[in-house]
Amino acid sequence: MKIDRETDVLLIVDFQNDFITGSLAVAGAESLIPVINSYIKKFKNIVFSRDRHKLDHPSFIGQGGPWPDHCVDNTFGMEIHSGISITGQALDKLCVDKGRDKEAYSALDGTDLADRFKVAGFRRLFICGLATDYCVKATVLNAVDKFDGKVFLLVDAIKAVNIKPDDGKEAMKEMADKGVKVSSVGMLE
Ligand code: ZN
């Protein structure tokens, strides 16, 4: 499959320190760095979503939520991993933050991304990142509803949390049932 540099877009979900080495580290997440960098080389249109929370966020255990503190505003944990080949201001320009006051798993929830993609005339959306069974799944399913074109899951650039051992597998099934296509780095040129 040939990538169209004008009408295809790559969305990298929550590839942030807290989900890689921090308070909610996903096993094996670091191994995705070279794969994600390969995708970055192939695409012209690239967006990074970032989970970004205020200090006393309702999703944190201290406030009665399910998660340890993570991706707190202006901390190392909320930054995109430094192994990603885009850095500094160039990276900041590509980032879209979500969930500041209230948890948002989908990168299209409470952001302007769906509108931006429409205005830009994007026809295919390729999604990767963390984690398969939470924010990737939520983003993909939301994109099926909100994005006008086709949605692809990049299966070699995702990892699951697997609180229950089959969570990742079930998330994959749920996405496939919604008609989401899969792709991988060797299938795209
Ligand atoms: Zn969060």
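## A tour around helix H5

Begin by selecting Thr-139, which touches Leu-11, Val-13, Tyr-105, Ser-106, Ala-107, Leu-108 and Ile-127 when residues up to four places away in sequence are not counted; contact means heavy atoms within 4.5 Å. The model is predicted, so local features need pLDDT of at least 70 and side-chain atom pairs count only at pLDDT 80 or more, while totals for chains, interfaces and linings use all residues. Residues are numbered from 1 along each chain as its sequence is written, and side-chain values use heavy atoms, with hydrogens and water left out.

Thr-139 is located in helix H5; helices (H or I, at least four residues) and strands (E, at least two) are DSSP runs, numbered from the N terminus. With a relative accessibility of 0%, Thr-139 counts as buried (buried means under 20% relative accessible area, exposed over 50%, partly exposed in between, with a 1.4 Å probe and protein chains only). The C-alpha atoms of Thr-139 and Lys-178 are separated by 13 Å, the two residues being 39 apart along the chain.

Next, display the rings of Trp-67 and Tyr-134. Rings of Phe, Tyr and Trp (its six-membered ring) pair if their centres lie within 6.5 Å; planes under 30 degrees apart count as stacked, over 60 as edge-to-face and the rest as tilted. This rule gives 6 aromatic pairs. In one of them, Trp-67 and Tyr-134 have ring centres 5.2 Å apart and planes at 90°, so the pair is edge-to-face. The pair links distant parts of the chain, 67 residues apart: Trp-67 lies in the loop between strand E2 (45-51) and helix H3 (88-94), and Tyr-134 in helix H5 (residues 132-146). Trp-67 counts as buried, at 13% relative accessibility.

Tyr-105 is in the loop between strand E3 (95-98) and helix H4 (113-120), 29 residues from Tyr-134. With a relative accessible area of 29%, Tyr-105 is partly exposed.

Finally, select helix H6 (residues 167-177), which packs against H5 at an angle of about 5°, with the axes 10 Å apart. Axes are lines fitted to C-alpha atoms, for helices over the stretch in contact, and angles run from 0 to 180 degrees between N-to-C directions. H5 and H6 are therefore roughly parallel to each other (angles under 35 degrees). Tyr-134 is among the H5 residues that meet H6, where Ala-171 and Met-175 are among the partners.

Technical notes
Angles under 35 degrees count as roughly parallel, over 145 as roughly antiparallel, 65 to 115 as roughly perpendicular and the rest as oblique.
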